[in-house]
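Me: I would like to go through this structure with you. Could we start with the charged contacts and move on from there?

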Amino acid sequence: MAIKSNLKNMVIVLTAVCLICSSVLAGVYAMTKEPIDAAAREKTDKAIALVLPAFDKTEAATVETDGKEYRYYSASKDGETVGYAVESSATGFGGTLSLMVGITVDGKVYNTSVLSHGETPGLGAKCTDDKAFTEQWKGFDPSVKTLAVKKDGGDVDAITASTITSRAYTLAVSNAVDAFKSITAQEDVNNE
Amino acid sequence: MSKLQLITKGFIKDNPTFVLLLGMCPTLATTTSAVNGLSMGLATMFVLVLSNIVISAIAPVVPDKVHIPVYIVVIATFVTVLQFFMQAYTPAMYETLGLFIPLIVVNCIVLGRAEAFANKNGVLDSALDGIGVGLGFTCSLTVLGIVREILGSGSVFGLKFISGDGILAFVMAPGAFLALGYLMVLFNKITKKNK
Amino acid sequence: MEFFLIIISAIFVNNIVLSQFLGICPFLGVSNKLSTATGMSGAVCFVITLATAVTYLINSYLLVPFKLEFLQTIAFILVIAALVQMVEIVLKKISPSLYQALGIFLPLITTNCAVLGVAITVVTKEFTFGLPSHMLNFGEAVVYAFATSLGYGLAMVLFAGMRERLALSDVPKAFRGVPIALVTVGILAMAFMGFSGMVK
């Protein structure tokens with residue numbers, strides 16, 4: 001059983017345990033850092049590939065719109081920009097709903113993909129796989145259609161019984177479209 | 001207690017969920033599907049076995065008054081190791097279980113076994129105890145996950161057998177409490193009959 | 001406005017017990033009597049708010065600048081354990097009556113996952129429970145922690161009231177004790193689901 005405690009052995013044991021544990025953790029951290037980054041990168045790459053037409057090179061950058069910073073990836077094929085994948089988010093039903101929104105150079109939404117969400121399984125979580133909802137984003141043209149759910153007078157079909165999730169999704173897409181406008185405005189300035 | 005008993009006692013006699021009522025939070029929160037329940041159980045078992053081994057090994061040199069902080073540090077270390085491994089190799093599962101992975105630190109089962117078993121027994125026995133209790137916990141979580149998935153989404157381990165949605169309430173918070181409550185009643189009935 | 005949303009969301013919509021499943025063990029353990037439930041809620045409220053404030057500062061001024069985020073779990077749980085001890089000692093000295101009321105609950109709080117849960121939630125961007133989609137600043141973190149613990153107290157007191165009634169009624173044998181309690185919480189959680197969608 002445990003030995004009798006006095007100040008000296010208490011301090012020694014606690015310090016030793018903390019030191020050993022922190023160094024073990026530092027070791028494991030260094031060891032797993034590479035795979036963790038790789039896993040995160042792979043996830044982003046997959047999402048970008050899903051939301052944009054074929055490309056061979058991506059470049060990460062950030063843009064500021066309405067005081068919010070957006071991370072985006074400009075994708076190009078043979079040196080020609082094909083579109084931008086914008087990371088955007090909005091508050092959904094159960095927390096932050098993060099999307100990757102692919103917008104081609106003509107300003108149309110090419111496709112969208114959910115990066116992370118906290119929506120209710122079976123209801124709001126359908127925004128990841130409900131075909132009727134996800135398919136409508138393919139080729140969505142924000143200059144012709146209104147980015148709001150039908151209940152609010154827009155052109156987006158909401159998921160049944162999940163209006164809040166659908167609104168958040170729509171808001172995130174609309175944020176991405178705004179970010180896209182800032183991106184192109186910025187590039188025009190750079191090109192001149 | 002024989003070695004075999006150490007491993008099997010977690011299923012019925014000392015079942016951490018249904019008999020000892022420990023670790024309720026992850027039990028209720030992560031069992032939205034069978035796979036999630038199973039993963040949470042295995043994650044807890046990983047920490048439980050390793051912390052049991054280390055604690056039984058260092059227990060003789062730990063002064064009595066600081067034994068709880070020392071155990072907590074050991075447990076927290078393994079939990080963090082688990083976090084890194086999951087982030088690196090099973091990132092999707094890490095996201096699903098989310099907050100409940102770091103919260104294994106305060107899961108009463110882990111500290112409870114350290115206090116009740118590992119600090120009085122040898123390394124091998126403590127490892128077996130960790131496996132036993134861990135298996136019992138995993139088993140109950142998987143059962144609860146299966147029940148909730150069948151009722152809530154009409155599928156088992158992701159295989160759908162009805163079209164449509166099922167009773168959504170069972171995937172959400174109220175269903176967790178109800179399902180566990182009724183399973184416990186069933187468990188009580190069955191174990192009473194055996195005695 | 002932002003603060004108001006955080007408070008309503010934390011107390012009703014994303015109630016920590018009934019929809020986030022944190023702090024269930026003490027919730028089931030000490031809710032037999034209304035008076036103990038109130039005492040426990042008070043102690044939890046105090047510790048969650050204090051612990052979140054301290055761990056938030058430690059995280060942003062110690063762990064992040066020195067790139068020691070990998071020690072987060074260890075650092076937080078040790079801080080919480082030490083804090084609970086300190087609160088106990090200080091309370092004993094300066095307010096014996098408050099200590100009398102909360103004292104026996106304090107040691108139990110270290111292993112209450114609600115405390116560590118809230119502390120981790122406010123510093124991690126990914127684990128948001130109906131929170132604004134940016135990192136919380138210090139003020140928001142403390143308000144969120146306080147509101148969450150109020151939600152904890154609300155659920156606890158409501159449930160204790162129900163259990164006092166339940167103790168007097170004739171419950172089938174296999175249901176006695178925890179099973180009927182869990183079923184009751186399930187129904188209570190259903191009632192709380194009615195709040196969902198109130199804050200978008």
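Predicted model: local features only at pLDDT ≥ 70, side-chain atom pairs only at ≥ 80, totals over all residues.

Me: How many salt bridges are found over all chains?
Reply: The search of the whole structure gives eight salt bridges over all chains.

Me: Let us take chain A. Which residue meets Lys33(A) in a salt bridge?
Reply: The partner is Asp37(A), with an N to O distance of 3.5 Å.

Me: Is Lys46(A) buried or exposed?
Reply: Lys46(A) is exposed, since its relative accessible area is 57% and the exposed class begins over 50%. Glu42(A), at 45%, is partly exposed.

Me: Which residue forms a salt bridge with Asp152(A)?
Reply: That is Arg167(A), the closest N and O atoms being 2.8 Å apart. Asp152(A) lies in the loop between helix H2 (131-134) and helix H3 (163-191) of chain A, whereas Arg167(A) is in helix H3, so the pair ties together parts that are 15 residues apart in sequence. Both ends are partly exposed: Asp152(A) has a relative accessible area of 42%, and Arg167(A) is at 27%.

Me: Turning to the backbone, what is the phi of Asp78(A)?
Reply: Asp78(A) has a positive phi of about 50 degrees, although it is not a glycine. Its place is the loop between strand E2 (68-77) and strand E3 (80-91) of chain A. With a relative accessible area of 67%, Asp78(A) is exposed.

Me: What about Lys67(C), and where does it lie?
Reply: Lys67(C) is not a glycine either, yet its phi is positive, about 55 degrees. This residue is in the loop between helix H3 (34-63) and H4 of chain C. Lys67(C) counts as exposed because its relative accessibility is 63%.

Me: Since H4 of chain C has come up, how does it pack with H4 of chain B?
Reply: Two packed helices are described by the angle between their axes and the distance between the axes. For helix H4 (residues 67-89) of chain B and helix H4 (residues 72-94) of chain C, the angle is about 150 degrees and the axes are 8 Å apart.

Me: Why are H4(B) and H4(C) called roughly antiparallel?
Reply: Angles over 145 degrees count as roughly antiparallel, and theirs is about 150 degrees, so H4(B) and H4(C) are roughly antiparallel to each other. The crossing of H4(B) and H4(C) is right-handed.

Me: One last topic: which residues make the nonpolar surface patch?
Reply: Ile150(B), Leu151(B), Phe161(B), Ile162(B) and Ile167(B) make a patch of about 420 Å². Within this group, Ile150(B) sits in helix H7 (residues 123-153) of chain B. Ile150(B) is partly exposed, because its relative accessibility is 36%.

Methods:
Residues numbered from 1 in each chain as written. Chains lettered and ligands numbered in written order. Heavy atoms only, no water. Patch = residues over 30% accessible without salt bridge, like charges linked within 9 Å, V, L, I, M, F, W, Y side chains within 5 Å. Areas by Shrake-Rupley, 256 points an atom, 1.4 Å probe, with all protein chains shown as cover. Salt bridge = Lys/Arg side-chain N within 4 Å of Asp/Glu carboxyl O. Helix = DSSP H or I, 4+ residues; strand = E, 2+ residues; numbered from the N terminus. Buried < 20%, exposed > 50% of the residue type's maximum accessible area, 1.4 Å probe, protein only. Axes fitted to C-alpha atoms, helices over the stretch in contact; angles between N-to-C directions. Parallel < 35°, antiparallel > 145°, perpendicular 65-115°, else oblique. Left-handed = near helix turned anticlockwise from the far one by under 90°.
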